[in-house]
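Subject: Structure handover and notes

Hello,

Here is the structure you will be working from. Please look it over before reading the notes below it.

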Amino acid sequence: MDKVIVVNIEKCLGCKSCELACALVHSKSKVLEEAIVESPRPQRMVTVEAAEEFAVPIQCRHCEAAPCVGICPTGAIQRQSEQAPVVVDEDLCIGCKLCMLICPFGVLQIGPEGRAIIKCDMCLERLEKGQEPACVEACPTGTLKLVSLKEVIKTRRREASKQLVKETQAKEKTKSRKNHK
Amino acid sequence: MRRIVVIGGSAAGMMAAIAAADENTDAEVAVVTQDQTPYRRPGIAALIAGYITEPAEVRVFSPERLAQHNVKLLCPAEATNIDPQNKIISIQHDGKEEHLSYDSAVIATGGHPLIPPITGADKDGVCTFTTYEGAAEIVEKAKGASCAVIIGAGFIALEIAEALMHKGLDVYFNVRSRILRKLLEPDVSESLSDKFNRKGLKMLTGEAISEIGGEDRVEYVIYKGRKIATNLVVMGTGTKPNVALAAGCGIKMGPSGAIKVDNRMQTSIEGIYAAGDCAESPDLGTGLFVYSPVGSIGASAGKIAGRNAAGANQKTKGFLRAQADEILGMQIYSIGHSSTTAKEVNLAVKVHNLDASRLGQRGRTTKPFEIARLLTDRNGRIVGAQLVAKKYGSQFAWQLYRAVLEGANREQFLEQFNWPRMKLTEALVDLVESTVVVENVGEGKALTLADTASRKKINQ
């Protein structure tokens, strides 16, 4: 995967805009007024969960060696290439629910309307058009971001070095203070 | 050119056909099936609950998919005879008799519902659900009904019960012993029964319904001498292998009554393979051949049968049964053996209770899951696991699955077992060793698990 959805839980308000946008983009009509009366009901593939004092949007992580891909007996869960998101081919899903059992994040679900396994497809169609996934676009606070892995690593590295400098400076200060005394 | 005929068009048959065509692209693969709408089983509950109305929405293995793999679909067609000497399969296709010659064949004729000998079980209003038509009948009968009685013990029977409850029906759930008997330990079963009862599913456990009564259609059932008025009875009482065709050509059956196969899924006649609900399959833990009519095993066995039919030589060490479902807000996972299935294969097991209720954050008692059980054999290796959770149970279930698959040592496993925030080892200091006595298993007779190295590689 060259780009991943990164979640910054410190920014999440729990507004559930991502859930709404997700259900909408996966509905038949893709129009809110029509989607709410659609049958079967459009399903969201991202869930905002309350965890301690935080709200956390949880969706498929599109794992590198995805356990769900490995366990599916019919090959219904696949990724087209190493760079592509993990998607479900409904026509092959026999509903055995092994993927629900094996997902380390518990994000695979069988919808109430009992069709194939529902999981985040990273808005493949939108990605192909150069757009961001619907949840990322809808997020008002920037909790959800579509970032390339390189960028993630770069940011992390920068943050880590800043932290390191801060700590070192703090140490230096206390040292010099002691020396001064 | 190799000609491969697959008989049966559900998960095992279709996977066999696709795998055969992929294995040997020059082969000519044909599927003979009566089933016009192969569908995914969880779809029945959705149909009954009214979430969907079109069979196309739960259909799997579309004709287009088969065409992509160059698999020829003969439907509706019924195989009437196999002549293994001349290698000819006779079929009825569109009302005409045809003869297909083959080099290898796969039998995936599935199973049919096992109807218990209850008086009145043949009455109008008693439904089963192994075919799409059966499911459609339940939908039709549920329309005017106010009450339904489900007789069964498995996941799909429970799903149907939940769907009928969603339709606003009064639902009774009858099971002779206890729910999910083969999948869960007795106390886990009972605690789930209680939970379902509280949610409005009226459980009638411990005794089978003695009579289904009514003039010519169902009007009532008798349970423990009590009369319960209902117009709809759904039978989810298990599966019986459909072996008439195989038996007709002299293929041997195993002790379970299903088709006997070897580790290549080949039957007693060379060149004829079998998979799915009509055949036995090797159990990963013990290597013994057992009858386990589970979709995922059927599909995996079908793949192996198909590849071998196409000329490969693939052997399986065995399949690990793993099932999961969410019923009335409870996630239920069962992996590998339960004490019930262990008894059937003479495997001595010990049941351990994983207690996680002491896992507190800042002194608060939080429960990451409701119930968890580990089953170990005499060497302390994990052979089965069960888990009940309200939410996100799979973050533990996947670890249990891996442990059973690898036959991990219990103590080592507990050290590694973790959940996102903290290790579980501390919470397990007072691990309760509940003792489920496995009766009728003599010390000498009790099997220990096959060597661990063989367990590492699963069916792939």
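Predicted model: local features only at pLDDT ≥ 70, side-chain atom pairs only at ≥ 80, totals over all residues.

Residues are numbered from 1 along each chain as its sequence is written, and chains are lettered from A and ligands numbered from 1 in the order in which they are written.

Chain A

Chain A has seven helices and eight strands; these are DSSP runs numbered from the N terminus, with helices being H or I of at least four residues and strands E of at least two. The radius of gyration of chain A is 21 Å, whereas a compact globule of 181 residues would have one near 16 Å (taken over C-alpha atoms; the globule rule is 2.2 Å times the number of residues to the power 0.38). Along the principal axes, the C-alpha atoms of chain A fill a box of roughly 75 × 40 × 35 Å.

Of the 181 residues of chain A, 35% count as buried. A residue is buried if 20 or more other C-beta atoms lie within 10 Å of its own, exposed if 12 or fewer, and partly exposed in between, with C-beta atoms placed from the backbone. In helix α1 of chain A (residues 17-25), the buried residues are Ser17(A), Cys18(A), Ala21(A), Cys22(A), Ala23(A) and Val25(A). Their cover includes β2 (47-51), β3 (54-58), α6 (134-138) and β8 (144-148) of chain A.

Cys72(A) lies in the loop between α3 (67-71) and β4 (77-78) of chain A. Cys72(A) counts as buried because it has 24 C-beta neighbours inside 10 Å. Leaving aside neighbours within four places in sequence, Cys72(A) is in contact with Ile77(A), Leu98(A) and Cys99(A) (contact means C-beta atoms, placed from the backbone, within 7 Å). Lys97(A) is 25 residues from Cys72(A) in sequence, and their C-alpha atoms are 8.7 Å apart.

Contact between the chains

Chain B gives 31 residues to the contact and chain A gives 25 residues. On the chain B side, the elements that give two or more residues are α1 (11-23), α2 (42-49), α8 (295-309), β21 (322-327) and α10 (394-406). Of these, α10(B) gives the most, with five residues.

Chain B

The domain assignment of chain B gives domain 1 (3-39 + 55-111 + 240-309), domain 2 (115-237) and domain 3 (329-452); such bounds come from an automatic or database domain assignment. Nine residues of domain 2 and twelve residues of domain 3 of chain B make the contact between these two.

Chain B also has an open sheet of five strands, in the order β9-β16-β10-β11-β12 with parallel pairing (two strands pair if DSSP finds at least two bridges between them). β9 (126-127) and β12 (202-205) of chain B are at the edges with a single partner strand each, so one side of each has no neighbour in the sheet. β9(B) is joined by two bridges to the parallel strand β16(B), residues 232-236, and Val126(B) stands opposite Val233(B) in β16(B).

Leaving aside neighbours within four places in sequence, the contacts of Val106(B) include Ile7(B), Ala16(B), Tyr273(B) and Ala305(B).

Regards
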